[in-house]
Amino acid sequence: PGQVLAQSEHAPTALLLFAMGDSLARIQSVLARQRAFEDRLGRVLWDIRLLPDIAEGTLPEMDNAEIRSAVEHAVESYLSVSSQVESLPESMCHGDFHPGNLTVEPARPNALAGIMDFGDMHMMPPICDVGTCLCYGVDADASSQAPLEACRRLLQGYLWSVRNDA
């Protein structure tokens, strides 16, 4: 029910961002208990663990030096922690938790009404699922003077739920 959050003309409220993080943690908690699922997809394109392979194939095609440098820096940053990410336990995750897959009721702008698109569920460390969500959080309020504020609120909701055992 409701309107797709990404199509809303208003930026998500702090309470809605908190609810998004909370909902992601609760979904992960439920999915982590599902053991009968065969992960036929494997990794999906936006799984952060694929960044080095995707960059290797696309960097030669990038003409813009500034963008190319930013991508190279992102790859270097990821590679500095990739062994730690790969060593984390995996569980079933939503895989694509972002405002385009979330709905809100206009009458209740601080609460999620629905979560869609479970077609990219796959096995990965939950931190990768959180990372995908946080990447979209940076753009949650483009007019903000604090571009990471939305990420902070999302993460607060996520950690609150994890601490309270989802």
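Two strands are taken to pair if DSSP finds at least two bridges between them. Helices (H or I, at least four residues) and strands (E, at least two) are DSSP runs, numbered from the N terminus. The structure is a predicted model, in which local features need pLDDT of at least 70 and side-chain atom pairs count only at pLDDT 80 or more, while totals for chains, interfaces and linings use all residues. Residues are numbered from 1 along each chain as its sequence is written, and side-chain values use heavy atoms, leaving out hydrogens and water.

Three strands make an open sheet. Their order is S1-S3-S4, with antiparallel pairing. Strand S1 (3-4) and strand S4 (108-115) are the edge strands, each pairing on one side only. S1 is joined to S3 by two bridges. Here valine 4 stands opposite threonine 103 of S3. Four bridges link S3 to S4. Within this pairing, valine 104 has leucine 112 in S4 as its bridge partner. A hairpin of two residues connects S3 to S4.

In soluble globular proteins, nonpolar side chains tend to be buried together. A nonpolar core is defined as a set of buried Ala, Val, Leu, Ile, Met, Phe, Trp, Tyr and Cys residues joined through side-chain atoms within 4.5 Å. Buried means under 20% relative accessible area, exposed over 50%, and partly exposed in between (1.4 Å probe, protein chains only). The largest such core holds 21 residues. Met20 and Phe97 have the most contacts inside it. Helix H1 (14-32), strand S3 (102-105), helix H5 (126-138) and helix H6 (149-163) each supply at least two of its residues. H1 gives the most, with seven.

Contact means heavy atoms within 4.5 Å. Leaving aside neighbours within four places in sequence, phenylalanine 97 is in contact with Met20, Ser23, Leu24, Ile27, Leu102, Ile115 and Cys133. Another core, of five residues, lies apart from the largest one. Its members include Tyr78, Cys93, Met124 and Cys128.

On the surface, Leu45, Trp46 and Ile54 form a nonpolar patch. Together they have about 290 Å² of accessible area (Shrake-Rupley method, 1.4 Å probe; for residues, only the protein chains shown count as cover). Patch residues have over 30% relative accessible area and no salt bridge, and nonpolar side chains (Val, Leu, Ile, Met, Phe, Trp, Tyr) are joined within 5 Å. A salt bridge is a side-chain nitrogen of Lys or Arg within 4 Å of a carboxyl oxygen of Asp or Glu. Tryptophan 46 lies in the loop between H1 and helix H2 (51-58). Tryptophan 46 is partly exposed, at 39% relative accessible area.

Conventions
Patch = residues over 30% accessible without salt bridge, like charges linked within 9 Å, V, L, I, M, F, W, Y side chains within 5 Å.
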